[in-house]
Amino acid sequence: MSAPSDTDVQALRSSWEKAGQGHVFTFWDKLSPEEQSTFFAQLLSINPTRVNSIHQAALKAEKEAANSSSDDITPPPADESGSVIGHDDQAAEWNRVGLDAIRAGKVGVLLMAGGQGTRLGSSAPKGCYDIDLPSHKSLFQLQAERIKRLEVVAGAGKAVPWYIMTSGPTRKPTEDFFVQNNYFGLDKQNVVFFEQGVLPCLTDDGKIFLDTPSSVAVAPDGNGGLYAALRSPLSPASNAPTVLSDLAERGIDYLHAYCVDNCLVRVADPVFLGYCIARGADCGAKVVKKTVPSESVGVVAQRAGKYAVVEYSEISQDMSERRDPSGDLAFRAANIANHFYSRAFLDEVAHFDETRMPFHVARKKIPHVDLATGEHVQPSSPNGMKLEQFVFDVFPFVQRFALLEVERAQEFSPLKNAPGTGSDDPQTSRRDLLAEFRRWLERAGATVADGVEVELSPLVTYAGEGLEAVKGLEITKSGVAESLDDLKKLAA
């Protein structure tokens, strides 16, 4: 990398000083030519005026949220909510509509996979994690095979493209993992990697931290960074496509978006897709039923007549305990980061002005360089902020919203905590997935002996379909079934 000219450096320094962020050049004269070149490139990629604008909008939104009242928070309207629970006939019709859209090549999948498995004791991308299934398949493999099976079930003439949003630290390891595993049998042309953005870390008064004398401290912009990332070029080439342009070229009209850490996720779920398509929705959310008022989970509700995810801390005890005539909690639509979008809606929100959908302030302990001494500081308490957006921040802008309730045991088991925690950890993920397999087999007419664990490959069944041949089988051995013949081998 060639060193920047003095003229270029002075022009860049002037723009940063004009924005009140000139302190980032504190150590410039002490840097080596190589360090200057790298630092110059980073500073050139950051617009300090934009950072200032985002910071001010975030502080304003934080203040407004602190002064808001819970009086304007109401449950979702019943006529905009649906449920698969106890509505098998309706679910079957929605499934038909969704499969029709998949068959016609109109469905794509957006995976939010920017996180690392740090809490799990792993530095690898979370999608690479093995929850200790008998097959030792990773989360990525389970999801890839669900896509393959769904294409078979739908009789798809076109593949379902998979758009995988990574972050800076996970981009290369994720791509390498897919290459090493031959894309889990998917055509690599239909697996598109892209990257969420980053923003500088700030002091409480909005000054940008230096991570080292030659680099700005940055952090990912949250899973809501999805929207801006959709319009960013997929490569440095001048004519590089974006995710949005790729969707248009492929003729994709509907998107299913979800987070990587749910082992039970039904990727491109035709029931959810069909429900949203039938309602003409711009955006939809799949939710599970909150049954305990004190559960620390955000719920989909309305704030001042517009959809939003309301955190449990924003709802009074009286509201959290309120019940409707059915006896269910009034605020029960627990958010699981599982969404539907029309491409037209995504195209709209991806081009919003950044102050229209403000960033949230997350106060953190931010390691940094002391500008006076040049020494590295590791703070013991929060000393600044990271700015991030959430994927549900678009909800207030939706004109036609669709809310679908599904069974928690069948569709939601997140992987959040370290092994052995006892909640939302690898052991509970493994337990919940194997329990779902057992339900499918028993529903199909098989008998599974106590203590026996059977893992069904997603290539055998997507959601319990296609198991008619197991009727009457008595399964007495634990094992992995990659085919119906494997199931018969596990029977007495």
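The chain exposes about 21,900 Å², and carbon and sulfur atoms supply 48% of that area. Accessible areas are from the Shrake-Rupley method with a 1.4 Å probe, and for residues only the protein chains shown count as cover.

This is a predicted model: local features need pLDDT of at least 70 and side-chain atom pairs pLDDT 80 or more, while totals for chains, interfaces and linings use all residues. Residues are numbered from 1 along each chain as its sequence is written, and side-chain values use heavy atoms, without hydrogens or water.

Of the 492 residues, 50% are buried, meaning under 20% relative accessible area with a 1.4 Å probe, protein chains only.

On overall dimensions, the C-alpha trace spans about 80 × 55 × 45 Å along its principal axes.

The secondary structure comes to 14 helices and 24 strands. These are DSSP runs, numbered from the N terminus: H or I of at least four residues for helices, E of at least two for strands.

Among contacts (heavy atoms within 4.5 Å) between residues at least 6 apart in sequence, 72% join residues at least 24 apart.

Now the helix pair. Helix 4, residues 88-103, packs against helix 5, residues 139-154, at an angle of about 100°, with the axes 9 Å apart. Axes are lines fitted to C-alpha atoms over the stretch in contact, and angles run from 0 to 180 degrees between N-to-C directions. The two helices are therefore roughly perpendicular, a label covering 65 to 115 degrees.

Which residues meet? Leu99, Ile102 and Arg103 in helix 4 meet Leu150, Val153 and Ala154 in helix 5.

How values were computed:
Angles under 35 degrees count as roughly parallel, over 145 as roughly antiparallel, 65 to 115 as roughly perpendicular and the rest as oblique.
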